[in-house]
Amino acid sequence: MKIGIIGQGYVGLTISAFAAEFFEVVGFDSNQKIVDQLNLGHSHIEGVESALLAKWIKSGQYKASSQGSDIQDCEIIIIAVPTPLTSDRKPDLTYIDAACKTIGQNVSAPVLIINESTSFPGTLRSFIKPTIERYSPIGVEHRYAISPERVDPGRIDFNQKNTPRVYAGLTPDALEKTREFYSKFCDNLVEVSSPEVAEAAKLFENTFRQVNIALVNEFAQIAHALGISVYETLDAANTKPYGFMKFTPSAGVGGHCIPVDPTYLAAVAEEHGAPATFIRRANEVNLEMSEYIVRRVAEDNGGNLQGKNVLVVGVAYKPNVADVRETAAELVIQHLRTHGAVVSWHDDVVSTWKGESSAPLQGADIAVVVTKHSSVDEKKIMASAPYVFDTTGKVKGAKGL
Ligand SMILES: NC(=O)c1ccc[n+]([C@@H]2O[C@H](COP(=O)([O-])OP(=O)(O)OC[C@H]3O[C@@H](n4cnc5c(N)ncnc54)[C@H](O)[C@@H]3O)[C@@H](O)[C@H]2O)c1
């Protein structure tokens, strides 16, 4: 069976690498540079080994393409394209729209289309299906299903095989074929009664994380005001064997999911007249953390950062990945600069970002740790500046939340 996977980023390439063991996979991406690199066997995604990719290319099980004609004889097509926010922070379905256009214009025999991109309830039924139909030749009736992706890039203990996969179909035959497809490489399939439940579950999972991170970030500020250690308090609370889950404070949330998905849920809630005040406020609390941290750093340094050389350590949105999407480091740097600080950053995993390169881990007046990659030595961080503020709770001897 031939599978087409639209979008070869974190989600699409990860699923391609797993599916290629059982199916012939065409990894379709509109970015020609990505396609060229993939066809040379070079993976750009953590967790997808270049050697594995090269093996599938050699055996003919995988090929990357930007040509619509390459997906025309696929039996299953998966959509794995970005679902970001617009500049006014509303759901942006333009990438999904473009993927639907590619499918509609190139696939003239009925196939199963599975959406793995994250979006609000109703996207499969009321956006993807009609959009593909609009671009398709008259009379072509595809089948539609949803299985929101749960990949956590860089994580090795959970993967496509052992992460339970929620799925639903618009019709019973779509459901059955979807089950058959994922059962080849996923051990635990969770069928739900409608695509809307699957779509909502994905959004709620990430909203759960967003509000709990906001809660602990707010609590970090309360603990500091009370003069007690937030970490010791959390460890104490975490000894309760039930009804508690430990989250740790940070400079905020980043990546393509936690800062974005809850806003999809809030937007659809408000459209249906339901309040989403809690979700909206959680988002604000996380965004405000960067300002709070810079204020704390300024207070510890005589209330003035004017002209101080500040080194931000770790600009990726989380440890051990090069992903800088929505990283909290960006806001931290912005607030430091507003306070007049001369800011550089150190992150050998990211290397270059926004036209700047990673600076040496030394010689600063102040260091602010936003993300601690495991490759970065704690002692070197402590030696990089006479004052170190650590937002991660991982650098011994540093000031922190
Ligand atoms: N990254 C994650 O950890 C993660 C986890 C779960 C779910 N998701 C969701 O999965 C979806 C994809 O996210 P991602 O992180 O893989 O994005 P990504 O940016 O890493 O990759 C998307 C890829 O799609 C390509 N693309 C964009 N428009 C296209 C089009 N019209 N046709 C073909 N290719 C196109 C881009 O060139 C890019 O390579 C999003 O909805 C996201 O919310 C992401």
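A polar contact is a pair of N or O atoms within 3.5 Å; within protein, one must be able to donate a hydrogen and the other to accept it, and residues adjacent in sequence count only if both atoms are side-chain atoms. The model is predicted: local features need pLDDT of at least 70, side-chain atom pairs count only at pLDDT 80 or more, and totals for chains, interfaces and linings use all residues. Residues are numbered from 1 along each chain as its sequence is written, and side-chain values use heavy atoms, with hydrogens and water left out.

View 1. A backbone N or O atom of Ser30 sits 3.2 Å from a ligand nitrogen. A polar side-chain atom of Asp29 lies 2.6 Å from a ligand oxygen. A polar backbone atom of Val81 is 3.4 Å from an oxygen atom of the ligand. On its own the ligand has 830 Å² of accessible area, and the protein covers 91% of it (Shrake-Rupley method, 1.4 Å probe; for residues, only the protein chains shown count as cover).

**View 2. The shell around the ligand.** The ligand is surrounded by 27 residues (a heavy atom within 4 Å). Tyr10, Val11, Asp29, Thr83 and Thr118 are the closest. Helix H1 (10-19) and helix H4 (94-106) each supply at least two shell residues (helices are DSSP runs of H or I, at least four residues, numbered from the N terminus). H4 gives the largest share, 3 residues.

**View 3. Met245 in its loop.** Met245 is found in the loop between helix H8 (230-237) and helix H9 (261-271). Met245 counts as exposed because its relative accessibility is 51% (exposed means over 50%).

Note on methods:
Buried < 20%, exposed > 50% of the residue type's maximum accessible area, 1.4 Å probe, protein only.
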